[in-house]
Amino acid sequence: MLAGYAVQVEQSRGRRFPEAQHPYRNDFQRDRDRVIHARAFRRLEDKTQVFTRRYSDHFRNRLTHTIEVAQITRTVAGALGLNVDLAEALALVHDLGHPPFGHAGEKALDAAMRAQGLFFDHNLHALRIVEDFEQRYAAFRGLNLTFEVREGIIKHSRDYDAAKHPELAEYLLDQRPPLEAQLIDLTDEIGYNTADLDDGYEAHLLTLEQIREGVPVFERFFPEVEREYPDVADKLKFNEVLKKAFNRLAGDLITNMQMRIKQFGVATLSDVRGHAERLAAFSPEVEEERKQIKTFLYENLYYSVSLAEEKDDAERIVTDLFAFWMRNPSALPRQYQEKADQESLPRVVCDYIAGMTDHFIIEQYEKHCGGAR
């Protein structure tokens with residue numbers, strides 16, 4: 001039984017191109033499956049999360065991160081009586097628009113676009129992927145996802161100004177998204193904050209002492225684990241502490257959302273959409289702990305000297321290739337040359353680069369820019 005404030009699939013606003021009902025899958029389940037079978041989803045396997053494979057094949061990439069976020073989201077959505085099928089579809093699609101090389105690649109691509117008077121936004125790019133770039137069906141372009149999934153793609157992590165984005169007018173920009181969409185930004189944070197601590201420790205870029213000193217929620221649980229498992233290896237102690245920190249974040253998200261839903265008398269989806277602010281939030285205490293983890297990761301991992309060379313390489317590759325195709329549009333693949341007849345060249349070059357895997361963009365750099373890295 002779904003809560004009254006959950007999205008009911010029977011009340012979906014439907015697809016852009018109407019389709020007959022499937023005999024044994026509801027519309028949100030079909031959306032989930034369409035995302036999983038999309039080419040753009042498969043490409044996430046070769047897109048950097050934080051670490052390239054130079055460190056280890058065991059570390060997260062965009063695909064494994066996405067799978068972990070989907071698991072967290074299913075758990076939280078189920079505990080809140082939300083539509084798990086919709087929430088899972090949104091978790092699986094939430095990173096579809098990211099370019100190669102993680103945040104370094106995104107930073108460089110946005111900078112290249114801003115030099116052209118434009119910008120790059122991975123949420124809006126994800127919408128372009130599912131609306132246009134994916135070509136699997138004879139009857140329509142894109143994946144023809146339901147309104148609720150398309151809305152969640154653009155609104156799960158931020159609110160867009162209707163005056164600045166008239167092209168998004170159909171997505172109810174004056175209203176909050178459903179709770180299934182609001183969850184995603186927070187389950188994403190739970191996923192990558194804890195996973196990046198894990199991968200950073202495994203990569204020997206973070207020490208146990210550093211983490212204990214810099215992450216209060218981790219230190220809070222460490223003495224308890226040390227008392228319970230005094231003789232196990234440090235890595236196993238680390239795993240147990242991280243599990244407790246993970247559970248604290250996820251558990252607090254559930255209980256705090258339950259409290260806020262009750263506090264504000266939210267009973268229907270209309271109540272959610274009409275509320276003055278987003279209802280999905282951590283408690284003030286845990287929100288502070290989340291910020292502390294994030295600050296620690298930025299100061300000690302994301303901007304570490306050990307990763308600086310790879311970040312510089314990533315930014316240079318994206319920047320140089322963007323400039324190359326702007327100077328030489330005839331070197332673009334035929335379908336992108338054709339798109340440049342209808343859209344601006346910078347946007348077409350951006351779309352091409354954003355869809356690349358780490359491996360493919362390096363190949364293109366070596367081919368067109370001489371491979372000087």
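Tutor: Let's start with C350: its sulfur is 16 Å from the closest cysteine sulfur, in C369, which is too far for a bond. A disulfide here means a pair of cysteine sulfur atoms within 2.5 Å, and a search of the whole structure turns up zero of them. Keep in mind that this is a predicted model, where local features need pLDDT of at least 70 and side-chain atom pairs count only at pLDDT 80 or more, while totals for chains, interfaces and linings use all residues. Residues are numbered from 1 along each chain as its sequence is written, and side-chain values use heavy atoms, with hydrogens and water left out.

C350 has 0% relative accessibility, so it counts as buried, whereas C369 is partly exposed at 24%. Those words have cut-offs: buried is under 20% relative accessible area, exposed is over 50%, and partly exposed is in between, using a 1.4 Å probe and protein chains only.

Now for helix 17, residues 358–368. Helices are DSSP runs of H or I with at least four residues, numbered from the N terminus. The buried residues of helix 17 are D358, I361, Q364, Y365 and H368. Looking down the axis of helix 17, these buried residues fall within an arc of 125°, so they line one face of the helix; that arc is taken from the directions from the helix axis to the C-beta atoms. The general idea is simple: an α-helix has 3.6 residues a turn, so residues three or four places apart point the same way. On the other side of helix 17, you'll find H359 and K367 exposed.

What does the buried face of helix 17 pack against? Its buried residues pack against helix 14 (305–327) and helix 16 (345–354), where contact means heavy atoms within 4.5 Å. After helix 17 comes G370, with a positive phi near 80°.

Helix 16 turns up again elsewhere. Along with helix 2, helix 6 and helix 15 (334–339), helix 16 gives two or more residues to the lining of the second largest pocket. Of the 19 residues lining that pocket, the closest to its centre are R39, R43, F133, Q335 and Y336. A pocket is an open set of points on a 1 Å grid over the protein atoms alone, with protein on both sides within 12 Å along at least five of seven lines, and lining residues have an atom within 4 Å of a point.

Definitions and conventions
1 Å grid on protein atoms, 1.4 Å probe; cavity = no way out; pocket = protein on both sides within 12 Å on 5 of 7 lines; lining within 4 Å.
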